[in-house]
Amino acid sequence: MSNWRDSDEFEAQSVAEWVEQYYHYPVLLALILFAFVNRVINWSNYVVDGTYFFRGNDPYYHLIQTEYTVSHFPFTMPFDPGTYFPYGTSTGQFGTLFDQVIAFGALVIGLGSPSEELVRRVFFFAPPVFIIPISIVAYLIGQRLGGRFGGLVSAGVVAFAPDRLLQVSVIGSTQHEVAEPLLMGLGVLGIMVALTVAEREKPVYELVVAREFGALRETIGWSLLAGVAIALYLWVWPPGVFLYGILGAFFVVHLSIEHIRGRSPEHASFVGVVALTTAGLLQLPFIQTLSFSSVQRSPVQVGLALGVVAGIVFLAWLSRLVERRNLSPFVYPGAVAGSILLAFGVMALALPGVLDFFISEVDRVLGFITSPGTAAGTIGEAQPADLGDLQDSYKLAGYTAVAGAALLLAKQFFDEEPRGEQLLIVIWGAFILAATLTQMRFEYYMTLIVGGLNAALVGYILDLIRPSERSLDIQSYHVFTVTAILLLLFVPMVLFSPTAIAYADDISRPGESAQWSEGLEWMEGNTPDPGLYGNPDGDQFDMDGTYKVTDDFDYPDGTYGVLSWWDYGHYITSDAERIPTANPFQQGVRPAADFLLAQNESEAMDVLSEIDESDNAQAQYVMVDWKMVNTDAFRPVNGKFFAPPDFHDEFERSDFYTRVIDEGLAQDRGIISATSTMLHKQPYYNSMMTRLYKYHGSAQQPRPYVVEWQGAERQLNEDETFVTSSGPSIQFYDSLRAAQQAVENSSSAQLGGFGPYPAERVPALEHFRLVHMSNLTALAGGEGFDFQRTVQNNQLGSRLVQQLPQYNGTSPQAAAQDFMYGTDPAWTKTFERVPGATIEGTAPANRSVLLTVELKPENGQQFTYTQSVDVGEDGQFSTTVPYATTGDDEYGVEEGYTDSTVEAQTPYRLSAPGVNDEGNQTFFVGEVNVTEGQVLGEESGPDPVDLEPIGESDLIDTGDDGSDNGSDGSDSGSDGSDSGSDGSDSSSESESVDGTAGPQPQLTWTERQFAAGAG
């Protein structure tokens, strides 16, 4: 029986030894599996009708590059004229090793000939695949600093932290950001290993002279591997040259400390020289430009590496010089500091441009003390993070990471043989922290650093309570300590961060790309291919072709650009296969801002003339979505109107809108949260993007609605202003005259300023017409503008619900919605730039002619395009209109033009007040049809139209009851319902055309309003 007992004890001990020796493998595997599954669990959210969508805009350009690389493997696209019309662009940090790796994976899975669908699917699943090697790198870094358990802690941070690394590695977020932490971490890991080997082998210059490379083999080998990893990192992301600066700072500090300790700095110097020389030289074959650029592979990636190498060699030589002269060891750091200052001084005198370039690059990455620049101010990932953001990402692990950094720094002073790799991770962490506080995008590097520093702290604690890592004498307090560590680090991440598990279903969605897909799909199928616009017999421009690098691409005839805000450029290139004028590289952003904010059509056309390459290669379409015109007081992440003013030389945000706040709420919640509505100023309504989206190019008159507030407008910050209001902030008047008088008598009131209602008349556009609007509405829940919330949670919405049912008899919700939007609030609207047709004719002299045409989008509500033109003393008038009423079936894609979804329901109706032959006040009217060919400039204009007076039989007596307060019930079908684009004043004053009560001609509601203003 004792043998059995001995056997059982032996087996138990063997199992315990096996667990002790190999436990980290299954645990690491479980962590990696969780990290992967957690990032793919919501994959179905990104698949709509069998199409794989991606989150954000950069993945769409990486997809373009990956598809090109699959077709031309291993080569990437040298130049892309498919974006930034009319110049094209070098791909820079896109079309790199990242895209080559994904393309290679698609080729392998597709057995050398993958379908387009397979490439898209492989591309879709790539980000969570990258988390597998990232977890391994995290483990290896942690294992070096805190043993095997420390390595598991480091991998656990990757698995559980709800940080930016999770965001960039979730399925569908395919962009180079997920590869950056992998390769930077691999490069730093290589340096850590090489430093440890160098501390053991102690290489010096004399071994090189003696050619005793056997004694240097391991140091050189690991340093070469580190250099290759750093080179791979720069092949993925050329702006990563700041890693050279981090390593340079480390070697300055480390070599100085080594000299003071009496240890030769040459040991570590070998690592820096070999690694950075390797990294720099490996950039040479792939240089894209000879100009100084951190975005593209340029001499910067080579020269900075070799510059740091030269500095390391100098520091090693300087150490020997100080030692030979028997100077105090503390002279060395002073000499190092003086040498650095001298080098900067010489550069400032000899190469000031180079110095300015490097200072600007340092400020871009590490200048968290300064405010973000114009570009950074409108890019989400370029916004500065704060310590609160880091706390949200890492919870208590952020604080323990600081403790781990303090521990490693203490070791530099108190350990007999401190390790350079411990100092390296602290300095790496300090720089990445500064970078994250400058731009939040860099937080995905922090995951490896937080994990490594926690590993160091955990390893130290375990060393204190257990003499040997492989000791089997496990006590209860050992278990308690380990459990406490795990609870402290990971439970807050899991329980108090809903995004940590499954990356919150409402966040893990494609967003704008799916919402733009309908408009982009329409554009691809219903507009001519580039190269064929107005040129059906020309050659189609190959968007996927191979082109030489040039500063200004020469586009063939019939090629055209699509203007929109820069956020959407990659969608246009990828899904519509059209050429955007602006893109998320922020190329073309200033012309886009100039056009979208242009205050008149002439100014907008001037902007386009600068974009146009020639008469046959023009910016032909404009795409606008609801976010672009939304100043958005309620969900600031959605509205984008704030962005274009930041890129405009003349405008600021406060020129377009101000916040109306409840001052009482502001004391508790802050001004942003207390905003009840956004008060729009006239420049907002004059802007091209508002006139396109809200009015479809039609004229718009003010309405008798007044917004009131208390006190003067005050500055909120350098860009925005606010006013205060308590109680209802809107008043409705029976006539425009009464509303104008109320505003004149108050210094804290404005006519209109909300919804589609301006304070002054907005003229019609003559060269832009709506050709498509999406079925998806901006009022959709989730990603869309929550109108219900608007109505319930602000003073203006509440007032509308109370007042509007009396106007049209519909439900409060429907009334408020129609009142606030007028035209369909479709998610996207597409407009075409056209020469326009010229309508000429005769009318009563010195009057104004009103032109109206009823138009019906295929998938939207009918609207009225209105325009007015002055008549000269000779009774002649002439104007240009953008919409055709007939002949649209004769000019479609096959003829090199657009298959518009907007059809005219009526001819153009022209009307003007005047005096007939009998001396009576009446109206002169006429009709004219405009053909599609005339609008496109392919046919001569319509025949002149002479307006004729309406006969006495057409006059009716309406009386003067003043009861029409906005929507004329007798005319609701065609114009009264179009409360945002009919170009008229909504108060229906029952007067004759000369301003006296009595008979009226049988006119449309729009014409009666026009008469009231023009008579």
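Biologist: What makes phenylalanine 651 count as buried?

Modeller: The relative accessible area of phenylalanine 651 is 15%. Buried means under 20% relative accessible area, exposed means over 50%, and partly exposed is what falls in between, with a 1.4 Å probe and protein chains only. So phenylalanine 651, at 15%, is buried. Bear in mind that this is a predicted model, where local features need pLDDT of at least 70 and side-chain atom pairs pLDDT 80 or more, while totals for chains, interfaces and linings use all residues. Residues are numbered from 1 along each chain as its sequence is written, and side-chain values use heavy atoms, without hydrogens or water.

Biologist: Fine. How much of the chain counts as buried?

Modeller: That label goes to 56% of the 1015 residues. The chain still exposes about 40,800 Å², with carbon and sulfur atoms supplying 55% of it; such areas come from the Shrake-Rupley method with a 1.4 Å probe, and for residues only the protein chains shown count as cover.

Biologist: On to the rings. How many aromatic pairs are there?

Modeller: The count is 57. Take phenylalanine 94 and phenylalanine 585, whose centres are 5.0 Å apart with 55° between the planes.

Biologist: And what makes that pair of phenylalanine 94 and phenylalanine 585 tilted?

Modeller: Rings of Phe, Tyr and Trp (its six-membered ring) pair if their centres lie within 6.5 Å; planes under 30 degrees apart are stacked, over 60 edge-to-face, and the rest tilted. At 5.0 Å the two rings pair, and 55° falls among the rest, so tilted it is.

Biologist: How do you know that the pair links distant parts of the chain?

Modeller: The two residues are 491 residues apart: phenylalanine 94 sits in the loop between α3 (58-72) and α4 (97-109), and phenylalanine 585 in the loop between β4 (579-580) and α23 (589-597). Those elements are DSSP runs numbered from the N terminus, with helices (H or I) of at least four residues and strands (E) of at least two.

Biologist: Is phenylalanine 94 buried or exposed?

Modeller: Buried, with 2% relative accessibility. Phenylalanine 585, at 24%, is partly exposed.

Biologist: Why is the pair of phenylalanine 651 and phenylalanine 656 called edge-to-face?

Modeller: Their ring centres are 4.9 Å apart and the planes stand at 65°, so the pair passes the edge-to-face mark. Phenylalanine 656 is buried too, at 0%.

Biologist: What makes you say that lysine 829 sits over the ring of tyrosine 693?

Modeller: Its charged end is 4.1 Å from the ring centre. The rule wants NZ of Lys or CZ of Arg within 6 Å of the ring centre and within 35 degrees of the ring normal. Arginine 441 does the like over the face of phenylalanine 442, at 5.1 Å from the ring centre.

Biologist: Let's do the sheet. What is the strand order in the open sheet of three strands?

Modeller: The order is β11-β8-β12, paired antiparallel.

Biologist: What makes β11 and β12 edge strands?

Modeller: Each of them, β11 (730-732) and β12 (749-751), pairs on one side only.

Biologist: How do you know that β8 and β12 pair?

Modeller: Three bridges join β8 (residues 705-708) to β12, whereas pairing takes at least two DSSP bridges. Within that pairing, glutamate 708 stands opposite alanine 749.

Biologist: Which helix lies across β8 and β12?

Modeller: Helix α29 (residues 736-744), running at about 150° to β12. Axes are lines fitted to C-alpha atoms, for helices over the stretch in contact (heavy atoms within 4.5 Å), and angles run from 0 to 180 degrees between N-to-C directions.

Biologist: Now the backbone. What makes the phi of lysine 202 stand out?

Modeller: The phi of lysine 202 is positive, about 55°, although the residue is not a glycine. Most residues other than glycine have a negative phi, and most peptide bonds are trans. Lysine 202 lies in the loop between α7 (180-201) and α8 (205-209), partly exposed at 46%. Glutamate 577 also has a positive phi, near 55°, and is partly exposed at 37%.

Biologist: Which peptide bonds are cis?

Modeller: Among them are the bond from phenylalanine 73 to proline 74, with omega near 5°, and the bond joining phenylalanine 85 and proline 86, with omega about 5°. Proline 74 is in the loop between α3 and α4, and proline 86 lies in the loop between α3 and α4 as well.
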